[in-house]
Amino acid sequence: MIRWWVLSLQLAELFVSSVVHLLYGFYIFSSAVAGDLSQALNECLFKANNTNVVVKEDVPKGTSTNVDSLPPIVLVHGIFGFGKGKLGGLSYFAGAEKKDERVLVPDLGSLTSVYDRARELFYYLKGGQVDYGEEHSKACGHSQFGRVYEQGNYPEWDEDHPIHFVGHSAGAQVVRLLQQMLTDKAFEGYENTSEKWVLSITALSGAFNGTTRTYLDGIQPEDGRTMKPICLLQLCRIGVIIYDWFDIPWLKAYYNFGFDHFNMSWRKIGFRGLVDGLLGNSGPFSSGDWILPDLSIQGAMQLNCHLNTFPNTYYFSYATKRTRKILGITVPSSILGIHPLLFIRVLQMSQWRHPPDVSPPYKGYRDEDWQDNDGALNTVYMTHPRLPIEHPSRFVENDSECQPLQPGIWYYKIVEADHILFIVNRERAGVQFDLIYDSIFERCRKHVFRKDPPTLPNEAHH
């Protein structure tokens, strides 16, 4: 009887979670469409009413040169995210990119693995055809080559023209892996890459050490890779396969999960290929080459084994938290302050218990360490890389405490916010939005230098 009661509760939770996620996805999509239609209508009306008006702006002499000399700040989105050019005029970073003249917002695979996204990010910046690597492509069952960037967004990128990176959620791990790839000279035809190509990394709710949410959503805690037969991720898997199989050009131009290199279109695999994918015999979900296995504790530890914190790079991290302790019990810190998409997960993650019949993911694991969370990631494990080896770090309450910044150390702050407070909807974060992003951009522009006396990297030879 108890077993049936537990099963009924699990199915009810799965139904509620599925409906909430679908409604939120529809809300985002419809908001983007409505915004585009409104903008198009306004442009038509403006042109009709101002056909004879010519507006000429005076650009101060030397402005473009000054802007071009600044190292770009690259904003890297997280899971289910999107870059500039997707979802119409909607901004994943809620317009934060407008706070600086030299910001890039790449569109990477929203569900592709950390590895694949790091490769895509390199070619987005340098230009050329994305090369996922022969060995990796064969092992994961997808094409070696992907999208072509005829013109890189920062082709001059090198040690003398380094870049600031800001990664949200899984985007932080993408940037760390990219820096390691630069160190390992992992890009064919580019023998001069090094870790010094990256000037600074800032993480906003960074997924450094995995999250217990992956297990709540359906990843098996036994291996951190495979999925439970019935779970939210199985529904996600089926939806993504069907979406990519139909391969509707205008729809995928509007939003793309990033699995084009797996060739799941009906034009290439036919109906039999669709059935094969749905049965789990082919595609990214069968090979494990997608983002969720990288976000399990085991997957993150496997990644971290190969990722270093470098002595010439500046690191800063904002860990988010929406829980508090009452009489020693971790509970959500508010009801109205947590997004409806995340409230159930904040509650579940705060009460997380690792299955007693399953070996813990690492020696010294304790459930209580993983209970504070923001609805997607666990707070303590957002601060800096901790597993399997803890990297140098320093807790910061006020920015003035860490001036000047020292390279090779993860400075981190803990912010009262859920996982999506600082993306998509700017109004929701209010004043906090400007405080966070202003401090990030100010740090990149004024407080992070590589040389002594302080000199912007692009001005090193001036």
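1. A helix crossing counts as right-handed if the near helix is turned clockwise from the far one by less than a right angle. By that convention, the crossing of α3 and α5 in this predicted model is right-handed.

2. The two helices concerned are α3 (residues 114–126) and α5 (residues 170–183); their axes come within 8 Å and cross at roughly 65°. Angles of 65 to 115 degrees count as roughly perpendicular, and α3 is therefore roughly perpendicular to α5. On the α3 side the contact is made by V114, Y115, R117, A118, R119, L121 and F122. On the α5 side, A170, G171, Q173, V174, L177, L178, M181 and L182 take part.

3. Helix α12 (residues 297–304) is largely enclosed by the rest of the structure, because seven of its eight residues are buried. These are I297, Q298, G299, A300, M301, L303 and N304. They pack against α3 and α5, and also against α6 (213–217) and α11 (291–295).

4. Aromatic pairs number 27 over the whole structure. One of them joins Y243 and F257: the ring centres are 5.1 Å apart and the planes stand at 80°, so the pair is edge-to-face, the cut-off for that class being over 60 degrees. Y243 belongs to helix α7 (residues 232–246), whereas F257 sits in the loop between α8 (249–254) and α9 (266–278), so the pair ties together parts that are 14 residues apart in sequence. F257 is buried, its relative accessible area being 11%.

5. A second pair to inspect is F395 with Y412. Here the ring centres are 5.6 Å apart and the planes make 55°, so the pair is tilted. F395 is in strand β10 (residues 393–395) and Y412 in strand β11 (residues 410–416); the pair therefore ties together parts that are 17 residues apart in sequence.

6. Two arginines are placed over aromatic faces. R443 lies over the face of F316, at 3.6 Å from the ring centre. R386 lies over the face of Y381, at 6.0 Å from the ring centre; the distance criterion for a charge over a ring is within 6 Å.

Conventions:
Residues numbered from 1 in each chain as written. Predicted model: local features only at pLDDT ≥ 70, side-chain atom pairs only at ≥ 80, totals over all residues. Heavy atoms only, no water. Phe/Tyr/Trp six-rings, centres within 6.5 Å; stacked < 30°, edge-to-face > 60°. Helix = DSSP H or I, 4+ residues; strand = E, 2+ residues; numbered from the N terminus. Buried < 20%, exposed > 50% of the residue type's maximum accessible area, 1.4 Å probe, protein only. Lys NZ or Arg CZ within 6 Å of the ring centre and 35° of its normal. Axes fitted to C-alpha atoms, helices over the stretch in contact; angles between N-to-C directions. Parallel < 35°, antiparallel > 145°, perpendicular 65-115°, else oblique. Contact = heavy atoms within 4.5 Å.
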